[in-house]
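Subject: Structure for your review

Hello,

Please find the structure below. My notes on what was found in it come after.

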Amino acid sequence: MLKLFQYLLAVAVAILLLPGCVDRSPMLEQVKRDGTLTIITRNASTTYYEDHSGRPAGVEYELARLFADHLGVKLQVEVTHSLKDIFTKVARQEVHFAAAGLTVTEVRKNWVRFTPSIQAVTQQVVYKSGYKKPKSVSDLTNTHLEVVAHSSHSEHLANLKEFHPQLTWIENHKLENEELLDLVTKQLVDYAIIDSNELAINKHLYPEISVGFNISKPEPLAWAFPLSQDTSLYDEASQFISAIKKNGVLAEVLERNYSHIQQFDHVGTLTFLEHVQTRLPEYEEAFREAAKQNDLDWLLLAAIGYQESHWNANAVSPTGVKGLMMLTRHTADYLGVSNRRDPFQSIQGGAKYIRLMYERLPKSITDPDRMWMALASYNVGIGHLRDARKITAWRKGNLNKWVDVK
């Protein structure tokens, strides 16, 4: 580990000492002139991934895209699973910066320049529920503990080893944190160390994973830039991050990606995973067709159906709403649904209704906030949403932003 750090530091210093450059203009000017901002990142649910439609997503990607938009250039993304590759390419200035969920550490500051933090995370020791819960570092000795190679987790363990000489671990050079969760679930590994944000966002996929204890204090995540004398692009990025913290955009991105994790329910997640296999196949084609007819994402429509009834065509609430999409009698009549317990009529009606709510919102509300508020209207009624927006304005919030209205 130490040799790697020394090697990367030497590379960075050597680059700074290169006598000649093809282009001596500030990097910020070069990026704007070339029209492309190139970042390197990791393929993970908290950084960068392709959603079910093949579109790029992830917190780090969203923020980098916003920065590229701010500069008026296109974003080019390079993806690797290797942290070593990330820091090497940043040091060699083969990319403009890394947006890869990188923890700021004192060692890393020797060979990259970090921006102001984007969010804070805690390193957590995880294990499979039902097995021995680790409560301290001492419980990790003489066990099979794995971490991602060249990670801040490995760096932290190296520091702890000074006080716990018997502590050992394996650095996995092939897998990401999310894949380590799978190894723990399958009991191929006793324990792993995962950042709190990555664990939280993947908890619904690995409901049997539990946290033993926090092995670190909260630590900042930030973008990493080369240690070059030209700080023009770095300075612009730092100002951008400070600005989106102040105007609420950063909070909105984090809210959109992480707000659902606070509602994790172990039993509910297991039930959902079962229903995906046993109930959804019967209605998938109906969801797809209704979504297509109403210009919706079919998975969004299916998610509404699950939230409303758990895909139960015979569901009835105490207030009298019925069916797979839980339509009121008045709404069903308005939408032309003659039998609310007919799942296919219900799905068609639900699709028309969410589209109607979406279209009735003021034009000042744009996506993704527009769809969030349409979903709220579907659930509680558009009148209550209007009241909530009035209260938001009265409280000096932004009545067009879901993060304030919710």
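Lys401 and Asp369 pair through their side chains in a salt bridge, 3.6 Å from N to O; the term stands for a side-chain nitrogen of Lys or Arg within 4 Å of a carboxyl oxygen of Asp or Glu. Lys401 sits in the loop between α16 (382–394) and α17 (402–405) while Asp369 belongs to helix α15, so the pair ties together parts that are 32 residues apart in sequence. Asp369 is buried at 2% relative accessible area, and Lys401 is partly exposed at 27%. (Buried means under 20% relative accessible area, exposed over 50%, and partly exposed in between, with a 1.4 Å probe and protein chains only.) Both residues belong to a network of salt bridges that also links Glu62, Glu252 and Arg256.

This is a predicted model: local features need pLDDT of at least 70 and side-chain atom pairs count only at pLDDT 80 or more, while totals for chains, interfaces and linings use all residues. Residues are numbered from 1 along each chain as its sequence is written, and side-chain values use heavy atoms, leaving out hydrogens and water. Helices (H or I, at least four residues) and strands (E, at least two) are DSSP runs, numbered from the N terminus.

The whole structure has 15 salt bridges. One of them joins the side chains of Glu284 and Arg288 at 3.0 Å, N to O. These two are four residues apart in helix α11, so about one helical turn separates them. Glu284 is partly exposed at 26%, as is Arg288 at 36%. Another salt bridge, at 3.9 Å from N to O, is formed by the side chains of Glu94 and Arg92. Glu94 is partly exposed at 44% relative accessibility, and Arg92 at 38%.

(Lys and Arg count as positive, Asp and Glu as negative; His and the chain ends are not counted.) The Glu146 side chain makes polar contacts with the side chains of His144 at 2.8 Å and Asn172 at 3.0 Å. A polar contact is a pair of N or O atoms within 3.5 Å; within protein, one must be able to donate a hydrogen and the other to accept it, and residues adjacent in sequence count only if both atoms are side-chain atoms.

Some backbone points follow. Most residues other than glycine have a negative phi, and most peptide bonds are trans. The peptide bond from Asp367 to Pro368 is cis, with omega near 5°; Pro368 is in the loop between α14 (343–360) and α15 (369–380). Gln187 has a positive phi of about 60° and is located in the loop between α6 (177–185) and β11 (191–195). Asp295 also has a positive phi, near 55°, in the loop between α11 (280–293) and α12 (298–309). Gln187 is partly exposed at 43%, whereas Asp295 is exposed at 63%.

Finally, helix α5 (residues 152–161) is mostly covered, with seven of its ten residues buried. Among them are His153, Glu155 and Leu157.

Regards
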